[in-house]
Amino acid sequence: MPSVSNKGKNMPESPIRKLVPYAEKAYKANKTVYHLNIGQPDIKSPEIAMDAVANHNLEILAYTRSEGSQEYREKIAGYYHKNNIPVEANDIIVTTGGSEALLFAMGSIADEDDEIIIPEPFYANYNGFATASGIKIVPVISKIEDNFALPPISEFEKLITPKTKAILICNPGNPTGYLYSKEEIQTLAAIVKKHDLFLVADEVYREFTYDGYEHYSILEEESLADYGIIIDSVSKRYSMCGARIGCLVSKNKQVIATALKFAQARLSPPTFAQIASEAALQTPQSYFDEVIVEYQDRRNTLVAALKAIPGVQVGEPKGAFYCIVQLPIKNSDAFAQWLLEDFDDNGETIMVAPAAGFYSSPGMGLNQVRIAYVLKKESLVRAVEILKIALQKYKD
């Protein structure tokens, strides 16, 4: 019998989605499952975006340009200008979600066996994208005890080799909620310029910052024009995860020209989703103001409840809508499966994402989970109550 590729064998499972079969069994057993595992906001998508698709006047659902429609890219550029990011339509390639933008970026800047440095824990699919691209992730470890702060410059510089092509950050961070300061971005800018590397920033959670903190984009730094690549998406910003529309943004013309060849190979991003995403750019600021207040309240509710559980440690997010939680257990994969298969409290249980999948260093994150606070506050309170009861009953 023919065998699958080694690359395929090495592709990691998603810690966010791999437990879905167990959740489905829990549903069949009539359990209620509180989904803390996935960043699917329960906030309604902007009405203006939904209406744009419902009221379209297309007679043919045709291809668009490989880089996305000119009109949409011009409007995206206008959005960036409002956020002090001086880019134009020709600096933007519309992609099928932020995921495709990351694949295009990796394919454009690195060859097989090249290296990208990433502070960990990081978005789990970076492992998958790197494997698919034949790239090696070199982790810089940040710790829950330091609230996942950026490690010292020396920690980055000692990892740089002739094969290093880029540093990749997620800002604000998934899964930690860490928000990089302007000074930290400038520190990273100095490193990449000194060593002639790219700085790739996944900025899909740009709007989601709390406690008066503000997001600072890498492309607000003029000196990063030739070094910076932004990964972006409408998924979280407008609660439009199913649209699968993102973009790759860079002032580096060679990067854009190269990424465009990848875009041409997959033909074009989806037409209806671009219509919805273009309309979403008209969403009023009041929408975001309300969403930020809601998520900040949810974060406060969740973190306070988790801290009240003996033996539990939690990183406090400054942005996005996730946190890493350290539990008094040995293996969160086994615990997460047990929660769905063998446990319930009055017919209710929870689904969490085991955090080992958010690291590339072996043995890291084994007693941690990622929790997404995308549920209403009363649901979060009940979910943490279930977690507390589960920890009392669980035996490693």
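Reader: Which residue in β4 is the bridge partner of P119?

Author: V140 is the partner of P119 in β4. Keep in mind that this is a predicted model.

Reader: How many bridges do β3 and β4 share, and is the pairing parallel or antiparallel?

Author: Strand β3 (residues 115-120) and strand β4 (residues 136-141) are paired in the parallel sense, over six bridges.

Reader: What does the chain pass through from β3 to β4?

Author: Helix α6 (residues 125-133) lies on the way from β3 to β4, and the β-α-β crossover is right-handed.

Reader: Switching to the open sheet of four strands. What's the order?

Author: The order is β9-β10-β13-β12, with antiparallel pairing. The edges are β9 (313-314) and β12 (353-354), each of which pairs on one side only.

Reader: And what stands opposite A353 in β13?

Author: R370 does. β12 pairs with strand β13 (residues 368-372) over two bridges, in the antiparallel sense.

Reader: Now helices. At what angle do α11 and α13 pack?

Author: The angle is about 20°, and the axes of α11 (residues 285-307) and α13 (residues 377-393) are 9 Å apart. Angles under 35 degrees count as roughly parallel, so α11 is roughly parallel to α13.

Reader: Is the crossing left-handed or right-handed?

Author: α11 passes α13 in a right-handed crossing.

Reader: Which residues make the contact?

Author: From α11, D297, R298, T301, L302, A305 and L306; from α13, K377, L380, V381, V384 and L387. By class, the residues of this contact of α11 with α13 are seven nonpolar, one polar and three charged.

Technical notes. Residues numbered from 1 in each chain as written. Predicted model: local features only at pLDDT ≥ 70, side-chain atom pairs only at ≥ 80, totals over all residues. Heavy atoms only, no water. Axes fitted to C-alpha atoms, helices over the stretch in contact; angles between N-to-C directions. Parallel < 35°, antiparallel > 145°, perpendicular 65-115°, else oblique. Left-handed = near helix turned anticlockwise from the far one by under 90°. Contact = heavy atoms within 4.5 Å. Nonpolar A, V, L, I, M, F, W, Y, C, P; charged D, E, K, R; others polar. Pairing = 2+ DSSP bridges. Right-handed = clockwise from strand over helix to strand, strands pointing away.
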